[in-house]
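Please look over the sequence and the model shown here before reading on. The paragraphs that follow go through some of its parts in turn.

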Amino acid sequence: MKVLKFGGSSIADSKSISNVIEIIKNNTDELCIVVSAIGNVTDLLLNCLKFAKSQKKNDYKTLLLEIEKINLEPIKKCIPLEYQSKSISFVKKHLNEIESLLDSISLWKEITNKNLSTISGYGEIISSYIINEIFNHNGIISQHMDSRLFIKTKLEDGVQILDNELTGKKIYEHFKSKRERIIVIPGFISSDNNNEITTLGRGGSDYSASIITDHLNGDILEIWTDVSGMYTANPKIVKQAVPISKISYYEAMELSYFGAKVIYPPSIQPLINKKIPLLIKNTFNPKHLGTKISEESSSNEVVVKGISHIDDVSLINIEGSGMFGVTGFAKRMFEALSEKNINVIMITQASSEHSICVAVRTNCDEIARKTIDNKFSHEISSGEISPSRIERNLVNIAVVGEEMKNHQGISGKLFSTLGNNNINIKAIAQGASERNISIIVDKKNLNKAINSLHEKFFESQIKQLNLFIIGVGNVGGRLLGQIKMQENYLSEFLGLKIRVLGISNSRKMILSNSPINLSNWGGELDQSNESADKEAFFSHAIKLNLRNSIFVDNTASESIAKEYLRYLKNSIGVVTCNKIAAADVLDNYLNLKNISRKYGSSFLFETNVGAGLPIIDTLNNLVASGDQILEIQAVLSGSLNFIFNNFKKGISFYEVTKAAQKNGFTEPDPKIDLKGIDVARKILILARESGISIEFDEIENKSFLPKDCLDTTDNESFFNSLKENDSYFNKLLNNAEKKNSKLKYVATLKNGKASVGLKEISKDHDFYNLKGSDNIVLFYTNRYKNQPLIVKGAGAGGEVTASGIFADIIRIGRSDGRD
């Protein structure tokens, strides 16, 4: 025999029940069908009880009408009209009984255990009758049995528990006389030795089905619900969660206990001794294999089977020197909590015996605290221990796997993954079976923690990066295009999935909880009603609280550069082409680097020097490998190199500079380039990355611009001054040509001193043949004394700068927290 249990969602309405009918018709075995109440009827009945106790008669009458509507809908849709009256009368009769009981409760303003069991069990009584009638009017011959006649409970320590021996006898008696191949029974309900109705608790329909399967020696128990089995994590939290194909009894119980709501934990226990498998199936996708729960765990899958969690947890901390060496302290505490029916979710105790912390549900934390303080009132008054403290707004996350005990490094991966995402663990517990590692974290970090752990243990081939981008003009727009173009390559070859969840220019922004469509980001931004607001932009990134978050700055804004610190402090990496932060006063630069290390949040600015060229990366690798930088010679301005390479006889200096601005080679204010400020910032950054403590004003800047050019206040007047000084610039060019030299704007770092200025470069120098807007850097080091290490290539332009930013983003994706 097979036992099939259908939950409330599986029989929620006529459409759902039609799926159940097809499932039953496709099954030729002897079947026992166990059903829950239809839809959310049980919840509505419990709300009726609350309203009755509060004497809110109109409110519970309204709910009764809703319950009637829910139960009549499948009757009217699934049973021919001429046969409906019998079922409708059954429903109305029982609703009248419920109303009479509620009226009585309202009169006395009291809910007894008997009232609670009686009213909450009506949902299954009604649903099982309706389902049986629907079957018999849709080509399925079935027989209805009342589970109160054979599932029996007994009172033990004030609680009704299963009387397993008596239940077994009663099941045998009733089922040996069954008339049909298919039996339909209500789940959840039972009766005591006085034949008074009792219930098996919330989730009791699963338990009913398991009890029946056990005592009938069933071949299998199938639990049909609205999901395709147990998932690796809650799919509402982790979009990448997938069904687990095979799992052991004990793994399933651990996951169920810690919040996996697909199955009620006690339901598994009756199946274990007889090794009866349990299959969780999807009523709405019956062809899906679902999850098989049995004695064996799948050996060819990952070691960690699932991640589950319990919401709304509080920690109660007890500490004091009076606990040291005192036997029975924990025993006294647990006894006190047990007397108040307070369940302890987990416990941790320091090896020093100086403190104990217990996790309980938040709805009973205050009672637990008072209970503990009352129990140890003497020790508290004498100062041996401190009054207990409550820490709220926490969740308990469990990582579960039968084979975790046989694999090293699981705990290490868990801790490092959470640490890399700045998630603090409040408490941890691991049983001797090593089947479960339980941790307590802040509730605000729930989504990030579970997604990070799921990515580590189940998505090792794909790492998700979440970007928040400010500046989507020349560089930023190209960056978005490159990300879109490389989407498939990143996933297939690098195991990266990049999502953009925030975009802003100087006027508008898009803040999204789901990935922004990079095929139409420009149109969305134009139509956005949200004005650019760096405060709201930051708040959005913090509120989403996603793992592997990166703030990308494609601006030249000083105010945006000042934002880096708070992003880094919240474990959000920063990638920027904006030189202001790295070229700021030394203390600020060092602070950003230190905060980056402290919070494990990357601070990358490769494009500050040489756009997409790996100049800073090369320098960092030289220093990290123990080489010493002796001298750096560099042409670091793509704009100035473009200008001086194209400044020839017949073309004015003004015309070349104007062309450089038009082609996007210069800063918005080209005077910054021509004054050498941009180059000075770049050599300053290289000096600092070499380990030299240096300020911007210590760099010798030999400007080649006439004073009246330097004194201009806007671009128009600046360009006019270039025209007016045409003869001066021609003289510079003529002097260089007479010496068979070329003009190059050169940055130098030697003996801890840095300088920038215009130089005449002879034919035998590496800089002489530098073309277009290219950059070049010569690194003279202990290892490269005679022949320098040379980095050379395009050093300006939106496309190459965007590629450099893109490379930094990829670098973060391939480094942080990965094996």
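Helices (H or I, at least four residues) and strands (E, at least two) are DSSP runs, numbered from the N terminus. Contact means heavy atoms within 4.5 Å. Axes are lines fitted to C-alpha atoms, for helices over the stretch in contact, and angles run from 0 to 180 degrees between N-to-C directions. The model is predicted: local features need pLDDT of at least 70 and side-chain atom pairs count only at pLDDT 80 or more, while totals for chains, interfaces and linings use all residues. Residues are numbered from 1 along each chain as its sequence is written, and side-chain values use heavy atoms, with hydrogens and water left out.

We begin with a sheet. Six strands make up this open sheet, in the order β26-β28-β27-β25-β29-β30, and their pairing is mixed; two strands pair if DSSP finds at least two bridges between them. At the edges are β26 (700-702) and β30 (789-794), each of which pairs on one side only. On average, neighbouring strands of the sheet are turned by 20° against each other, direction ignored. Six antiparallel bridges join strand β29 (residues 774-781) to β30, and Ile776 stands opposite Lys792 in β30.

Two helices accompany these strands. Helix α23 (residues 615-624) packs on the sheet and touches β25 (629-635), β29 and β30, its direction making about 10° with that of β29. Helix α24 (residues 638-646) lies across β25, β27 (742-750), β28 (753-761) and β29, and runs at about 150° to β27.

Next come the aromatic rings. A pair of aromatic rings is described by the distance of the centres and the angle of the planes. Rings of Phe, Tyr and Trp (its six-membered ring) pair if their centres lie within 6.5 Å; planes under 30 degrees apart count as stacked, over 60 as edge-to-face and the rest as tilted. Searching the whole structure gives 21 aromatic pairs. One of them joins Tyr257 and Phe258 edge-to-face, at 4.9 Å centre to centre with 85° between the planes. How exposed is Tyr257? Tyr257 is partly exposed, because its relative accessible area is 34% and partly exposed covers the range between buried (under 20%) and exposed (over 50%), for a 1.4 Å probe and protein chains only. Phe258, with 4%, is buried.

Phe538 and Tyr567 also form an edge-to-face pair, 5.0 Å centre to centre and with 90° between the planes. This pair links distant parts of the chain, with Phe538 in helix α19 (residues 534-544) and Tyr567 in helix α21 (residues 564-569), 29 residues apart. Both Phe538 and Tyr567 are buried. They belong to one aromatic cluster formed by Phe537, Phe538, Phe551, Tyr564, Tyr567, Phe603 and Phe605.

Some loop residues remain. Ala233 is in the loop between β9 (220-225) and β10 (246-248), and is buried at a relative accessible area of 3%. Setting aside neighbours within four places in sequence, Ala233 is in contact with Val238, Ala241, Ile307, Ile450 and His454.

Asn341 has a positive phi of about 55° although it is not a glycine. Asn341 lies in the loop between α11 (329-339) and β14 (346-349). Is Asn341 buried or exposed? Asn341 counts as exposed, because its relative accessible area is 71%. Asn545, also not a glycine, has a positive phi of about 50°, and its place is in the loop between α19 and β22 (549-553). Asn545 is buried, with 14% relative accessibility.
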